Amino acid sequence: MSDSPPASPAPAPPPADASRERIIAAATSLFADHGYDGTSTRRIAAEAGLNMATVAYHVGGKPDLYREVMLRAHLAEQRVLTDALAAFRELAPTDPAAAVTGLVDRYLDFCLDQPHIPALWMRRWLSDAAEFADLEAAYARPLVDAVRDTVREAVPSAGAGSAEPADVEMTVWTVLWSTHGFCRSGIRAEVPRFRAHLRALVLRELGIAAPRPRDRERG
């Protein structure tokens with residue numbers, strides 16, 4: 001009779017949903033850093049610590065995985081903007097300047113907290129994943145329209161005192177482009193300075209007076 005200890009059982013494979021989340025997390029990071037075109041399925045599998053067959057089983061091909069990553073990014077952005085717009089509507093009738101700067105702050109904070117989302121969209125703007133041209137219309141456009149329409153409705157006097165009416169939609173796009181660029185820039189540590197600049201820019205574009213002194217400073 002052998003005195004050898006019994007062999008240890010092989011470790012159980014991770015649950016299916018845990019494997020899927022590992023794959024999606026790895027793909028999100030790689031798509032943000034290298035783009036869809038610069039990321040292979042093999043690299044995603046290696047980053048997730050799984051083989052390619054497992055990746056294919058849980059998420060399908062690279063196009064399916066990219067759509068899942070972009071959908072999750074969109075849903076996260078949608079949740080934040082839905083809450084931010086609700087707060088904006090409540091405050092705008094009595095203090096439009098504070099409402100506008102609060103909305104700007106919420107979006108900036110979201111992008112700083114979720115830097116992969118600005119990175120994913122900036123990759124697309126650099127002609128990455130050109131075969132997914134429908135994503136802008138499905139994801140970016142509805143959110144821009146929602147912010148534009150809410151600002152127009154809640155602050156109908158925006159730009160009323162200026163020579164030309166405010167272009168609310170272009171102001172929304174400017175915030176989006178500027179914030180995404182800042183979050184990927186070499187001056188990302190200058191958050192208070194950029195926040196103050198972005199607030200002032202939006203208030204100026206909308207023709208709204210600056211908020212009361214107690215509302216101006218935020219870290």
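Contact means heavy atoms within 4.5 Å. The legends below describe a predicted model.

**Figure 1. Helix H9 and its surroundings.** Helix H9 spans residues 191-206, 16 residues in total. From its first C-alpha to its last, H9 reaches 22 Å, close to the 22 Å expected at 1.5 Å a residue. Its buried residues are Val 191, Phe 194, Arg 195, Leu 198, Arg 199, Leu 201, Val 202, Leu 203 and Leu 206. An α-helix has 3.6 residues a turn, so residues three or four places apart point the same way. The cover over the buried residues of H9 includes helix H5 (96-113), helix H7 (134-154) and helix H8 (168-183).

**Figure 2**

**Figure 3. The packing of helices H4 and H6.** Two packed helices are described by the angle between their axes and the distance between the axes. For H4 (residues 62-91) and H6 (residues 116-125), the angle is about 125 degrees and the axes are 10 Å apart. The two helices are therefore oblique to each other. H4 passes H6 in a left-handed crossing.

**Figure 4. Residues between H4 and H6.** H4 contributes Tyr 66, Val 69, Met 70, Ala 73, Ala 76 and Glu 77 to the contact, and H6 contributes Ile 117, Leu 120, Trp 121 and Arg 124. Of these residues, eight are nonpolar, none is polar and two are charged.

**Figure 5. The whole protein, for orientation.** The protein has nine helices and zero strands. Of its 219 residues, 41% count as buried. Among contacts between residues at least 6 apart in sequence, 72% join residues at least 24 apart.

Notes. Residues numbered from 1 in each chain as written. Predicted model: local features only at pLDDT ≥ 70, side-chain atom pairs only at ≥ 80, totals over all residues. Heavy atoms only, no water. Axes fitted to C-alpha atoms, helices over the stretch in contact; angles between N-to-C directions. Helix = DSSP H or I, 4+ residues; strand = E, 2+ residues; numbered from the N terminus. Parallel < 35°, antiparallel > 145°, perpendicular 65-115°, else oblique. Left-handed = near helix turned anticlockwise from the far one by under 90°. Nonpolar A, V, L, I, M, F, W, Y, C, P; charged D, E, K, R; others polar. Expected span 1.5 Å × (residues − 1). Buried < 20%, exposed > 50% of the residue type's maximum accessible area, 1.4 Å probe, protein only.
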